[in-house]
Protein chains: 2
Amino acid sequence: MSKELTTRAADYSQWYNDLVIKGGLADYSAVRGCMVIKPYGYALWENMRDQLDKMFKETGHVNAYFPLFIPKSFLSKEAAHVEGFAKECAVVTHYRLMNDPNGKGIVVDPDAKLEEELIVRPTSETIIWNTYKDWIQSYRDLPLLINQWANVVRWEMRTRLFLRTAEFLWQEGHTAHATKEEAVEETEKMLDVYASFVEEYMAVPVIKGVKTANERFAGAEDTYCIEALMQDGKALQAGTSHFLGQNFAKAFDVQFLNKENKLEYVWATSWGVSTRLIGALIMAHSDDQGLVMPPKIAPLQVVIVPIYKGEESKAVIDEKANGIMKDLKTLGISVKYDNSDHARPGWKFAEYELKGVPVRIALGLRDIENNVVEVARRDTKEKVQLSITGISDAVKNILDDIQQNMYNRALAFRNENIRSANSWDEFVQLLDEKGGFVSAHWDGTGETEDKIKEQTKATIRCIPLGNPAEDGVCVLTGKPSKQRVLFARAY
Amino acid sequence: MSKELTTRAADYSQWYNDLVIKGGLADYSAVRGCMVIKPYGYALWENMRDQLDKMFKETGHVNAYFPLFIPKSFLSKEAAHVEGFAKECAVVTHYRLMNDPNGKGIVVDPDAKLEEELIVRPTSETIIWNTYKDWIQSYRDLPLLINQWANVVRWEMRTRLFLRTAEFLWQEGHTAHATKEEAVEETEKMLDVYASFVEEYMAVPVIKGVKTANERFAGAEDTYCIEALMQDGKALQAGTSHFLGQNFAKAFDVQFLNKENKLEYVWATSWGVSTRLIGALIMAHSDDQGLVMPPKIAPLQVVIVPIYKGEESKAVIDEKANGIMKDLKTLGISVKYDNSDHARPGWKFAEYELKGVPVRIALGLRDIENNVVEVARRDTKEKVQLSITGISDAVKNILDDIQQNMYNRALAFRNENIRSANSWDEFVQLLDEKGGFVSAHWDGTGETEDKIKEQTKATIRCIPLGNPAEDGVCVLTGKPSKQRVLFARAY
């Protein structure tokens, strides 16, 4: 079974699809826009989810679960939210099927029409704040620091596996606070949690920033984000954290008695990351041979492949391999010994390269005589001979080194691809010829932002946190500007 | 804030609702039939899920994720399945909303009608077997041992928190095998996994058995189940494992090339447990003071409550409590020190009793002078004074003892409540006066089963595995019977 991969140079988006499908991460389904997450892809998501969940709990959050369905009327309670979210949704109108009276399978029972339609949640602010109304009475009930792991549905017209699908998996944090200061602090804290996770575990460097009003979450006062850069020079929003002000508290009438016994509206945040992160991971690190998994979240960290002729040598290699495997597991390293005999070593090498397993150990009879193994690392494709004595510590060090190297490489690429533009021509030329982030002055209006997007397909990815003040003029309008912002074409 | 609980004797089902809601496990939502799982209830579910997931992985299974939606036509592909499942479902008919032209909120966009309606999954056999068709070609692709953690929706008319809700959380295993023997072995293996989990972790004894044809899963050749007994004498089906034969393989045309290079249909199983288990847990163990959590899956195993007067003594107690807490955590015991000052010790005692925390430690200034603490266990309500020296080991032993004691107590109750009936009058009298399981002869027909259900509301819970052969006559019809089966009224 040969698995030919398209190269990045030949067709970047076909390369991406090949990696997702042939690498065993996900598949298309019979339902338009919905994906199947295959076992290898789901194991990756589990590792990401478990680490994020740990970080959420360490910062004082607990998990809960809210209904999949939202009554239609809830969506229109927050004025800005309805504009942003109430449109492309899956709508449940009936609750029963019946046998077709004409004998052709089953049909919707017309008598089972819901009085009010239910929307499959595109995000849960409305149903959650409707619930918080019952949970919050006094300042003693605050802060409420709740997260939910869930599936959500947004009816996207053009879908791409992981990057944009009708259904996807995510987490959504929804917190309630007594003061504005505390809510803003929470918003920023969770942005930091996301940035730490993406950089330390996914080995993808990010820029922390704030969205412009145009790009803000529908219903937020401020949207913070982390932006990553993909190998084709396009940006990808990897996570968002929203300061919601009192908008949802007012829409759902959630008030609390403060210490002075006066009623006040509650302050809110929400924040989320999704299976989209898997798309970011793929496009940040992979190459023309396949996926490259960062060791800290790789579904499988090490594979051992035996090189043998005949059953006798296989038995000897099996025994040695099992010993190495046991030592690696003692160090908490996940390892698989692939001694299946329905494929040759060369086929296995290509297969684990495609799947991005960080370290491959090849083991033959002569190696054992010499007390060595061949260790290949996926990130650099370097091979070295290492002594079997102490191999598990050596592999552990290599895994750490791969993790660091992947981050450094992605960081260098990202930093090389932030360029300043000081005129419209330069701005357009950089976008067309180099891609990446373009740092440029902008006059601060939504109109200009829209025009730039129309003409170049580039959007303002963010106003970086701690952005230095600098006097200049907008690249499009020439109007005065006090700071540069980061533009890019984006996923 | 006093939380008055209804007693079991006064109103069993109100007692159950009180425990779920006042114990902080779940709440009703704005969406008919859908519950909100609150943080304490979700933490319990996480512990159950994590343990089950570990057991699934130890038996060779991997997780994946399939779409929430199922095309309507899929449901009618397997003849028996459609009868059992295609009826009470949430049906998605549209994919877009729009602003009401009359300015009243939002309405369903009539132009965005789906060509084929989508059903929110009530169970996933159909969408999964439609996918397996692409994944299975050769015997080398088998067995396929996949599990999914997901939400599902069944439009129930009468709902009860955890026991029967429109949306619930569950896992569904879907495996594919080359031979019938292997599929039957898998079905039985997963029943054993469920039984081990429910008995060892939830401390609820179960009877393993097989369902009659009437009670079988729609589309199965055989449904295995575990049945538990609640304190009110009603049975509760705690998990099912289905041998599906080749029914779904034939419906979705899933064939594989066997070792002799001939095409054969694949053999299937599916198995699931859900958040319903939480209902079983509550009704098996709890009492009139509240929940009683088995230590192995309790969200919180130990709570320490300080008894102090004045800030000075509080500081001394805080220090000692923090030391004890640290020691307990070293042993992997979850512990909370509740030194909040907005409630008195008595209120806290009642609150943690309501929540079923297995061990409560009370700590006062005089205790510290005497180097002792008061330890109360939730299951028996016994209190003992124990030396602070070595307290963590002592608490660990008490937790183990509580787990064992809860199981033993539930087992004794269950065994006392299995009674034999040898005539119709005795059968009806036992059901009405004693409840529990009634072991009786039955003539083996679905008609008789239906009549017994009509007249007594009792169903055949299962034919126990390893059931002894015994000649007798059916309690209803007097026709000959070769074995007794277990009847009960059930949730």
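Reader: Where in chain A does A203(A) lie?
Author: A203(A) sits in the loop between helix α6 (180-200) and strand β11 (207-210) of chain A, where helices (H or I, at least four residues) and strands (E, at least two) are DSSP runs numbered from the N terminus. This is a predicted model, in which local features need pLDDT of at least 70, side-chain atom pairs count only at pLDDT 80 or more, and totals for chains, interfaces and linings use all residues. Residues are numbered from 1 along each chain as its sequence is written, while chains are lettered from A and ligands numbered from 1 in the order in which they are written.

Reader: OK, and what is the phi of A203(A)?
Author: Although A203(A) is not a glycine, its phi is positive, at about 60°.

Reader: Is A203(A) buried or exposed?
Author: A203(A) is buried, since 27 other C-beta atoms lie within 10 Å. A residue counts as buried with 20 or more other C-beta atoms within 10 Å of its own, as exposed with 12 or fewer, and as partly exposed in between, the C-beta atoms being placed from the backbone.

Reader: What about F162(A), what is its phi?
Author: F162(A), also a residue other than glycine, has a positive phi near 70°. F162(A) belongs to the loop between β9 and β10 (167-177) of chain A, and it is buried, with 25 other C-beta atoms within 10 Å.

Reader: Which peptide bond is cis in chain A?
Author: The bond from L142(A) to P143(A) is cis, with omega near -5°, and P143(A) is in the loop between α5 (125-135) and β9 (144-153) of chain A. In chain B, a cis bond joins L142(B) and P143(B), with omega about -10°.

Reader: Switching topic, how many helices and strands does chain A have?
Author: Chain A has 14 helices and 27 strands, and buried residues account for 47% of its 491 residues.

Reader: Which strands does β17(A) pair with?
Author: Strands pair if DSSP finds at least two bridges between them. Strand β17 (residues 302-307) of chain A runs parallel to β18 (residues 335-337), joined by 3 bridges, and parallel to β19 (residues 359-364), joined by 6 bridges. V302(A) stands opposite V335(A) in β18(A), whereas I307(A) has G364(A) in β19(A) as its bridge partner.

Reader: Which residues have the most contacts inside the largest nonpolar core?
Author: They are A228(A) and A228(B), in a core of 287 residues. Such a core is a set of buried Ala, Val, Leu, Ile, Met, Phe, Trp, Tyr and Cys residues joined through C-beta atoms within 7 Å. Beyond its neighbours within four places in sequence, A228(A) is in contact (C-beta atoms, placed from the backbone, within 7 Å) with residues including V198(A), L236(A) and A284(A).

Definitions and conventions:
Two residues are in contact if their C-beta atoms, placed from the backbone, lie within 7 Å.
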